[in-house]
Amino acid sequence: ILINLASKFFGPAHLRALNLIERNPGTSLGELMFKLKITKQSLNRVLRDLIKSKMIKQVKDDKDT
């Protein structure tokens, strides 16, 4: 049901990202870009939409500076 609901508001890139994040919690931005084969700019747009809709939550890794 989540995918059917989400497909009304998001495009294929959003759904692919959401699926990958759901299956691999804690995935880094670099891993997402590699696995989804999209640019950083495209990924940022997709993630911004998903975060705004509260479908996902972005957290800073303690290892980041």
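This is a predicted model: local features need pLDDT of at least 70, side-chain atom pairs count only at pLDDT 80 or more; totals for chains, interfaces and linings use all residues.
Which residues are buried in α2?

Residues are numbered from 1 along each chain as its sequence is written, and side-chain values use heavy atoms, with hydrogens and water left out.

In α2, the buried residues are H14, L15, A17, L18, L20 and I21; buried means under 20% relative accessible area, exposed over 50%, and partly exposed in between, with a 1.4 Å probe and protein chains only. An α-helix has 3.6 residues a turn, so residues three or four places apart point the same way. The helix α2 contains 12 residues and spans 17 Å from its first C-alpha to its last, close to the 16 Å expected at 1.5 Å a residue. That expected span is 1.5 Å times one less than the number of residues.

For the protein as a whole, the secondary structure amounts to four helices and zero strands. Helices (H or I, at least four residues) and strands (E, at least two) are DSSP runs, numbered from the N terminus. Of the 65 residues of the protein, 25% count as buried.

Let me turn to the largest pocket, which holds about 510 Å³ of space. Its lining comprises 21 residues, and the closest to the pocket centre are G26, T27, K57, Q58 and V59. A pocket here is an open set of points on a 1 Å grid over the protein atoms alone, where a 1.4 Å probe fits, with protein on both sides within 12 Å along at least five of seven lines; lining residues have an atom within 4 Å of a point. Two or more lining residues come from each of α2 (12-23), α3 (29-36) and α4 (40-52). The largest share, three residues, is supplied by α2.

Finally, I come to D49, which is found in helix α4. Leaving aside residues up to four places away in sequence, D49 touches F10 and H14, where contact means heavy atoms within 4.5 Å. H14 is one of the buried residues of α2, so this contact returns us to the opening helix. D49 and F9 lie 40 residues apart in sequence and 9.8 Å apart in space, C-alpha to C-alpha.

Conventions: Grid points are joined across faces, edges and corners, and a volume is the space filled by probe spheres set on the points.
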